[in-house]
Amino acid sequence: MRIIVAGGDGFCGWPTALYLSEKGHEVTIVDNLVRREYDKELNSNSVTPIASLEERVAKWKELTGKEIKVYEGDLNHYDFLSLVFKQERPEAFVHFAEQRSAPYSMIDREHAVYTHQNNVIGNLNVLYAIKEFEPDCHLIKLGTMGEYGQPNIDIEEGYIEVEHKGRKDVLPFPKQPGSFYHLTKVHDTDNIMFACKIWGIRATDLNQGVVYGLNTEETLKDPVLVNRLDYDAIFGTALNRFITQAAIGHDITVYGAGGQTRGYLNIKDTVRCVEIAAENPADRGEFRVFNQFTESFSVLELAQKIQKVAKGLDIDVEVSNVENPRVEKEEHYYNAINTALIDLGLEPHLLTEEVLEEILTYSLQHKDRIIVDNVLPTVTWK
């Protein structure tokens with residue numbers, strides 16, 4: 001299958017591109033390399049040293065004989081995107097190419113506007129490119145479980161049956177996003193659903209939970225192929241931030257009460273979920289939503305798990321509570337449904353102590369790269 005991975009230089013996109021290439025697909029990466037520019041802007045970095053995209057794909061070809069094409073450019077530039085579609089004629093378009101950080105979107109007006117322009121317009125361009133050049137192309141779009149917010153009811157997979165004044169209908173599940181970034185994902189969802197309705201596009205929205213882990217079988221083939229490990233308070237997830245705090249002997253800092261609960265999945269499951277979606281495409285005109293996560297944990301549970309693993313490596317760290325920079329419920333009901341991908345063959349990799357120890361060990365090996373000032377929050381929602 002001819003597959004474009006947009007955002008293929010990023011944390012999820014890079015291992016996905018390698019995985020699909022290893023499976024025999026013709027993979028093309030489209031990326032404007034802006035994720036690396038965010039590091040420069042924020043004076044941050046990946047804990048793991050990462051090679052250039054050019055070096056990465058060259059090493060992959062050297063090791064496997066498989067070529068991954070690269071187009072360096074921006075989805076917001078429609079002439080560029082049109083050229084890619086005309087030349088590559090994708091059968092599937094995997095869309096990871098969005099600014100993915102909630103804190104980044106909340107820095108100030110400029111960052112909120114940028115996030116909307118980059119994410120919403122870029123996605124709209126992809127929809128038009130599919131309509132204009134490859135109407136049978138299957139859009140596999142990375143959404144987020146954060147679109148749903150923290151409702152006091154079970155979170156269904158995209159849709160919910162509603163009864164109102166004696167009548168019933170199946171409607172999109174109510175969205176209560178928690179940042180301007182999450183709002184852009186909701187806008188994407190509405191635009192994709194509308195495009196499927198009017199143009200007959202086929203699309204799968206992968207509402208992904210928080211991704212953890214570092215390596216896949218493909219990234220382990222050579223140090224040049226290693227994946228990113230973000231740890232700062234802007235782009236690092238709570239789990240990564242806690243692990244790097246433990247590596248440098250810092251208190252593990254939980255925002256607020258720590259009852260904030262989210263869905264999580266291993267990066268190995270991320271790449272497999274994309275493969276499942278590609279192999280089982282949506283029908284023409286169908287907008288399908290999968291909740292892409294395997295387990296749920298509160299922030300406090302994560303902190304305690306990491307504290308235990310650190311202790312096993314003779315690292316004693318305290319878990320402390322700090323003022324929550326976000327505006328969110330710190331204790332809430334959380335029960336999300338995630339059966340669709342399981343039914344299609346996903347066999348989850350769970351968050352074990354061995355997985356946490358692997359990430360912590362990598363962090364210890366490269367602890368000299370951790371910028372201490374970056375492990376505490378600097379952006380507040382208020």
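Predicted model: local features only at pLDDT ≥ 70, side-chain atom pairs only at ≥ 80, totals over all residues.
Local features need pLDDT of at least 70, side-chain atom pairs count only at pLDDT 80 or more, and totals for chains, interfaces and linings use all residues. Residues are numbered from 1 along each chain as its sequence is written, and side-chain values use heavy atoms, with hydrogens and water left out.

Helix H2 spans residues 34-42; helices (H or I, at least four residues) and strands (E, at least two) are DSSP runs, numbered from the N terminus. Arg35, Arg36, Tyr38 and Asp39 are its buried residues, where buried means under 20% relative accessible area, exposed over 50% and partly exposed in between (1.4 Å probe, protein chains only). Viewed down the axis of H2, these buried residues fall within an arc of 150°, so they line one face of the helix; the arc is that of the directions from the helix axis to the C-beta atoms. An α-helix has 3.6 residues a turn, so residues three or four places apart point the same way. The buried residues of H2 pack against helix H3 (53-64), helix H5 (102-105) and helix H6 (109-133), with contact meaning heavy atoms within 4.5 Å. Just after H2, Asn43 has a positive phi of about 50°.

Strand S8 covers residues 202-208, and seven of its seven residues are buried. Arg202, Thr204, Leu206 and Gln208 point one way from S8, while Ala203, Asp205 and Asn207 point the other way.

S8 runs parallel to strand S5 (residues 138-144), joined by seven bridges; two strands pair if DSSP finds at least two bridges between them. In this pairing, Asn207 of S8 stands opposite Gly143. S8 also runs parallel to strand S12 (residues 287-292), through six bridges, and there Thr204 stands opposite Arg288.
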